[in-house]
2 protein chains.
Amino acid sequence: MPRAVCLLSGGLDSSTCLALARRQGYQCYALSFDYGQRHRVELEAARRVAAALGVAEHRIVRIDLRAFGHSALTDDWAVPKGRSAAEMGREIPITYVPARNTIFLAFALAWAEVLEAADIFIGVNALDYSGYPDCRPAFIEAFEKMANLATKAGVEGRTRLRIHAPLLELTKADIVRTALDAGLDPGLTHSCYDPAEDGRPCGACDSCLLRAKGFAEADVADPLRTVR
Amino acid sequence: MPRAVCLLSGGLDSSTCLALARRQGYQCYALSFDYGQRHRVELEAARRVAAALGVAEHRIVRIDLRAFGHSALTDDWAVPKGRSAAEMGREIPITYVPARNTIFLAFALAWAEVLEAADIFIGVNALDYSGYPDCRPAFIEAFEKMANLATKAGVEGRTRLRIHAPLLELTKADIVRTALDAGLDPGLTHSCYDPAEDGRPCGACDSCLLRAKGFAEADVADPLRTVR
């Protein structure tokens, strides 16, 4: 079985992406980050999902993105609530964490090189997303090109590294259907940016609203109960 | 004064690169990494150099590259000694740290975004180097392209991020001359991969040998005293 490094936040998208990698026959190495996120509870979801999907190994790397700050996900800024899809699409929201996916993919690249894996999976999505620059297809393509120049494998021409983003063109409803189809229990995942003390999702941040829209459009009940 | 993020290991190359950025009129933000390197003494050199060159700020970010291992710089592997230039050029040495420059540049990108800086400096060198894939011009170019797609600035078309690698085409002798010319005291820097307990350079690893070659060819005495 070929090996793949799979970025796993514990959210619905990255968990679905991991389920797809497994279904495609990869031996999966899940990689999560403890990066100073306020919604650290997502790491527990990542652990549950990694265990349920039977990964070969799950690593949680600690990095301090709070040192640079500048995001509602790492700072004491208020997470926007109750925004419409049109409002979400208008500009890059303050939940954007500077260069986050670049940093995550760089670590995935390091691990892939050590494992001699040629495949990296990331659950970014360019349709029902929050307007993050590092979720666009052009970014993924450019990272793949760079990755093949950055590493030993690329120089020696042994392997061609591929960055897989199988959710890129899916709607949230498609992702819900794909998750169920690939055998993922969405109740294990966590999507909220601003969860209650007990870990329950707020139901009103961009991430909760996009998730709710996805389940509604797929005509499936979300096993997660929100605060409101 | 425009701001620039400057990667600074404390070695001769990155210190010279910082001196050049300062001379070009940038307000410099120096970024170093405590990444589990055996030659952690280089961080003290980074502090000395940052202070001597009057940076606006110096941050040392802690990341654990030992978690992935696989390099003589982070593991208990023997650092190669006494190799000729031909031997160094033949293959990628075991001192190569998987995806290190990709990870360092990704963090620099995050900080640049927060500072609204459009310029990042890195002291990589493609001539008298150790054969690392992530020191080649094609890698730097590909990273720059990716960086402009990864960030807010790139999306909004506000700024065009530039990765400066002013030492790329210099020989080690050129770098020694450039350092002196830009007002850097090479005695503050540290290049050795395998220093003695007291911090003195071994004089025999690839990095020490390349440094010695540079000083010899520039006909300048290195203020650093090696063990042998």
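**Figure 1. Chains A and B are superposed by a rotation of 180° with 0.0 Å of shift along its axis, at an RMSD of 0.0 Å.** The two copies are thus related as by a two-fold rotation axis, the superposition being by least squares on the C-alpha atoms of residues with pLDDT of at least 70 in both. This is a predicted model, in which local features need pLDDT of at least 70 and side-chain atom pairs count only at pLDDT 80 or more, while totals for chains, interfaces and linings use all residues. Residues are numbered from 1 along each chain as its sequence is written, chains are lettered from A and ligands numbered from 1 in the order in which they are written.

**Figure 2. The contact between the chains takes 38 residues from chain A and 38 residues from chain B.** Residues count as in contact if their C-beta atoms, placed from the backbone, lie within 7 Å. On the side of chain A that touches chain B, the elements that give two or more residues are β3 (57-62), α4 (100-115), α5 (137-150) and α6 (152-156), and the largest share, 9 residues, comes from α4(A). Helices (H or I, at least four residues) and strands (E, at least two) are DSSP runs, numbered from the N terminus. By class, this side of chain A divides into 25 nonpolar, 5 polar and 8 charged residues, where Ala, Val, Leu, Ile, Met, Phe, Trp, Tyr, Cys and Pro count as nonpolar, Asp, Glu, Lys and Arg as charged, and the others, Gly among them, as polar. Because 100% of the interface residues of chain A are also interface residues in chain B, the copies meet through the same surface.

**Figure 3. The axes of α4(A) and α4(B), residues 100-115 of each chain, come within 9 Å and cross at roughly 170°.** That makes α4(A) roughly antiparallel to α4(B); angles under 35 degrees count as roughly parallel, over 145 as roughly antiparallel, 65 to 115 as roughly perpendicular and the rest as oblique. The axes are lines fitted to C-alpha atoms, for helices over the stretch in contact, and the angles run from 0 to 180 degrees between N-to-C directions. Thr102(A), Ile103(A), Ala106(A), Phe107(A), Leu109(A) and Ala110(A) of α4(A) make the contact with Thr102(B), Ile103(B), Ala106(B), Phe107(B), Leu109(B) and Ala110(B) of α4(B). This contact has 10 nonpolar, 2 polar and no charged residues.

**Figure 4. Ala99(A) is placed in the loop between α3 (85-90) and α4 of chain A, and Ala99(B) in the loop between α3 (85-90) and α4 of chain B.** Phi is positive in a residue other than glycine in each case, near 60° for Ala99(A) and near 55° for Ala99(B). With 27 C-beta neighbours inside 10 Å, Ala99(A) counts as buried, and Ala99(B), with 27 such neighbours, counts as buried too. A residue is buried if 20 or more other C-beta atoms lie within 10 Å of its own, exposed if 12 or fewer, and partly exposed in between, with C-beta atoms placed from the backbone.

**Figure 5. Within chain A, the axes of helix α1 (residues 12-23) and helix α7 (residues 172-181) come within 9 Å and cross at roughly 45°.** The two helices, α1(A) and α7(A), are therefore oblique to each other. Leu12(A), Asp13(A), Thr16(A), Ala19(A) and Leu20(A) in α1(A) meet Ile175(A), Thr178(A) and Ala179(A) in α7(A), and the residues of this contact divide into 5 nonpolar, 2 polar and 1 charged.

Terms used. Contact = placed C-beta atoms within 7 Å.
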